Amino acid sequence: MELDLDWVMRQEANTSAIERRAATLPGRRSVKKEFQAAWLCKAITLIDLTTLAGDDTPGRVRRLCAKARHPVRADLLAALGMDGITTGAVCVYHEMVEVAVEALAGSGIPVAAVSTGFPAGLSPFALRLAEIEESVKAGADEIDIVISRRHVLTGNWQALYDEMRAFRAACGPAHVKAILATGELGTLKNVARASLICMMAGADFIKTSTGKETVNATLPVSLVMIRAIRDYFEATGIRVGYKPAGGISKAKDALVYLALLKDELGPRWVQPDLFRFGASSLLGDIERQLEHHVTGAYSAGYRHAIG
């Protein structure tokens with residue numbers, strides 16, 4: 001849609017109220033026993049299993065893809081009656097896209113590529129567009145782009161909209177996730193406004209973080225972004241997805257995020273096409289919790305290799 005600056009400038013954020021609401025979630029929204037196991041299995045299907053390290057190799061990416069295909073030991077899934085689940089996607093740098101596409105062939109698991117000068121987003125604009133196009137050409141189904149934080153910090157909303165619109169066009173048939181890097185945007189009001197603008201410009205998902213910032217996904221930021229998604233849906237009828245990323249490494253934290261999502265947006269959003277966790281170590285802890293549910297005992301983390 002066209003940029004509606006009046007709508008953008010009406011966005012405010014009551015920080016103290018948002019923080020109070022977020023603080024109550026862990027205590028009020030807990031699930032136990034078989035219900036917890038069911039939600040943790042659901043969480044697995046919502047993970048973008050990620051490796052974004054400078055020492056990534058084709059072998060590491062192939063192992064990660066094997067883990068995405070078989071995220072939990074077969075005996076545990078059989079005991080839970082959850083055979084056949086996979087992660088939501090595999091997320092890699094551009095150089096590893098072709099390796100991941102080959103390793104996941106026939107699985108139905110999409111490949112996501114981080115792009116546009118990830119994580120800082122400060123490379124020349126033409127190169128950022130070309131990077132998107134090259135990743136799509138290599139077979140990436142989803143592109144995780146990073147916005148220019150300076151546009152938000154200086155209030156240049158038209159520039160942010162134009163940038164996001166160009167990224168959306170470059171993605172072509174691929175889904176685009178807009179990474180806001182919320183830990184670097186200064187205020188929750190800025191987060192709300194940037195979220196709305198990225199949706200107006202065509203983002204299929206809005207995402208909290210690159211995972212490389214000092215502050216990544218938090219519950220207050222998530223509440224602001226999820227309510228922006230709700231407002232946008234109510235006004236346009238268009239569903240936009242949400243992806244918290246960075247710092248979500250424990251199964252209990254994943255359950256809190258899922259509770260918040262279901263409270264604010266309803267069960268339709270608790271599906272892989274509208275929600276993802278950006279994580280690498282989260283799957284390991286979920287697998288340990290599922291083994292505890294099945295056997296009554298915790299095992300060492302090394303028995304549940306992440307890849």
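Asn-190 is found in helix α10, and in this predicted model the residue counts as buried, at 14% relative accessibility. Once its neighbours within four places in sequence are left aside, the contacts of Asn-190 are with Val-152, Leu-153, Trp-157 and Leu-185. The loop that lies between β5 (175-179) and α10 (188-200) holds Ala-181, a residue that is not a glycine and yet has a positive phi of about 50°. Most residues other than glycine have a negative phi, and most peptide bonds are trans. Ala-181 is buried, with a relative accessible area of 0%.

A positive phi in a residue other than glycine is also found at Lys-33, where the value is near 55°. Lys-33 lies in helix α3, and, with a relative accessible area of 64%, Lys-33 is exposed. Helix α3, which comprises residues 33-44, has 12 residues and reaches 17 Å from its first C-alpha to its last, a span close to the 16 Å expected at 1.5 Å a residue. Within α3, the residues Ala-37, Leu-40, Cys-41, Ala-43 and Ile-44 are buried. Seen down the axis of α3, these buried residues fall within an arc of 155°, so they line one face of the helix. An α-helix has 3.6 residues a turn, so residues three or four places apart point the same way. The elements that cover the buried residues of α3 include the strands β1 (47-50) and β8 (277-279), together with the helices α5 (74-80), α12 and α13 (282-295).

The contacts of Arg-288, leaving aside its neighbours within four places in sequence, are with Tyr-298, Ser-299, Ala-300, Gly-301 and His-304. Between Arg-288 and Ala-251, which are 37 residues apart along the chain, the C-alpha atoms are separated by 9.1 Å.

Helix α12 also takes part in a packing contact with helix α2. Two packed helices are described by the angle between their axes and the distance between the axes. The axes of α2 (residues 15-28) and α12 (residues 251-265) come within 9 Å and cross at roughly 120°, and the crossing in which α2 passes α12 is right-handed. On the side of α2 the contact is made by Arg-21, Leu-25 and Pro-26, which meet Val-256, Leu-260, Asp-263 and Glu-264 in α12. The residues of this contact divide into four nonpolar and three charged, with no polar residue among them.

The peptide bond from Phe-118 to Pro-119 is cis, with omega near 5°. Helix α7 itself has 14 residues and reaches 20 Å from its first C-alpha to its last, which is close to the 20 Å expected at 1.5 Å a residue. The residues Arg-128, Leu-129, Ile-132, Ser-135 and Ala-138 in α7 are buried. These buried residues pack against the strands β3 and β4 (142-146) and against the helices α6 (97-103), α8 (149-153) and α9 (157-171). After α7 comes Gly-139, the phi of which is positive, near 115°.

A further glycine, Gly-237, has its place in the loop between α11 (219-236) and β7 (241-243). At 49% relative accessibility, Gly-237 counts as partly exposed. Gly-237 and Ile-47 are 190 residues apart in sequence, and 26 Å apart in space from C-alpha to C-alpha.

Technical notes. Residues are numbered from 1 along each chain as its sequence is written. This is a predicted model: local features need pLDDT of at least 70, side-chain atom pairs count only at pLDDT 80 or more; totals for chains, interfaces and linings use all residues. Side-chain values use heavy atoms; hydrogens and water are left out. Axes are lines fitted to C-alpha atoms, for helices over the stretch in contact, and angles run from 0 to 180 degrees between N-to-C directions. Helices (H or I, at least four residues) and strands (E, at least two) are DSSP runs, numbered from the N terminus. A crossing is left-handed if the near helix is turned anticlockwise from the far one by less than a right angle, and right-handed if clockwise. Contact means heavy atoms within 4.5 Å. Ala, Val, Leu, Ile, Met, Phe, Trp, Tyr, Cys and Pro count as nonpolar, Asp, Glu, Lys and Arg as charged, and the others, Gly among them, as polar. The expected span of a helix is 1.5 Å times one less than its number of residues. Buried means under 20% relative accessible area, exposed over 50%, partly exposed in between (1.4 Å probe, protein chains only). The arc is that of the directions from the helix axis to the C-beta atoms.
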